[in-house]
Amino acid sequence: HDPEMTMAGLHELRFTEEKPLLRGQDTELENSEVFLSAVDTDWKEHDIETPYGLLHVVIRGSPKGNRPAILTYHDVGLNHKLCFNTFFNYEDMQEITKHFVVCHVDAPGQQAGASQCPGAHRFPIRASLLSRFKYVIGIGVGAGAYVLAKFALIFPDLVEGLVLMNIDPNGKGWIDWAAAKLSGLTSTLPDTVLSHLFSQEELVNNTELVQSYRQQIGSVVNQFNLQLFLNMYNR
């Protein structure tokens, strides 16, 4: 697919479904208390039709005048809850976000409870933006940082600013590709993702945070969809 055509198509997305975040999701929330606090009652979910299937987003608040929206995109192995909820639930961050609408984008099939994507599924890895926002401040981590950086390069007038963490702007070289292939043969998918998210020292120490993410990555995110996302990012 042509990158600019893909981006232009995604820029024309429209909301097709709206539902409160907490409705019918009590079991999942009970299992994810560390990532979601009780103050998040004003979050709402939306499913958006794209040329690649439904895209899941979660929005808090409503547009505030001419202020930009805060748009987040998560890393491989995570979704918006695992990647951003702890950060956005900090008291200091809530003081900031009450002045902005916040939009979390889940890469297709990465949200909790997602059904399996078609085998030939293409991730809109390059960018996603909701048509109701005039412009955004992007916060991206890892794969999400790449997505938002690519979006800003193609649609600079729509981006007020970017906060990018752990961004890798280059494709893997032959050595990295071979190492990833070998790792895929000898490691489980959660362990492969953990090696992307954490340093070797952190993995060896097997901290409580590493153990928590291993459990969440293995149980919350659809493993087939996760493999598709990881493959797309590696390419």
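## Cysteines

Cys103 is buried, at 0% relative accessibility. Buried means under 20% relative accessible area, exposed means over 50%, and partly exposed lies in between (1.4 Å probe, protein chains only). Cys83 is also buried, at 18% relative accessibility. The disulfide count is 0. A disulfide here is a pair of cysteine sulfur atoms within 2.5 Å.

## Basis of the model

This is a predicted model, in which local features need pLDDT of at least 70, side-chain atom pairs count only at pLDDT 80 or more, and totals for chains, interfaces and linings use all residues. Residues are numbered from 1 along each chain as its sequence is written, and side-chain values use heavy atoms, with hydrogens and water left out.

## Salt bridges

The model has 2 salt bridges. The rule asks for a side-chain nitrogen of Lys or Arg within 4 Å of a carboxyl oxygen of Asp or Glu.

Glu95 pairs with Lys98 in a salt bridge, with 3.1 Å between the closest N and O atoms. Glu95 is partly exposed at 45% relative accessibility. Lys98 is partly exposed too, with a relative accessible area of 48%.

## A link between helices

Arg214 and Asp191 form a salt bridge through their side chains, at 3.3 Å from N to O. Arg214 sits in helix α9 (residues 208-219) and Asp191 in helix α7 (residues 189-197), so this pair ties together parts that are 23 residues apart in sequence. Helices are DSSP runs (H or I, at least four residues), numbered from the N terminus.

Arg214 is partly exposed, at 30% relative accessibility. Asp191 is partly exposed, with a relative accessible area of 32%.

Key. Helices (H or I, at least four residues) and strands (E, at least two) are DSSP runs, numbered from the N terminus.
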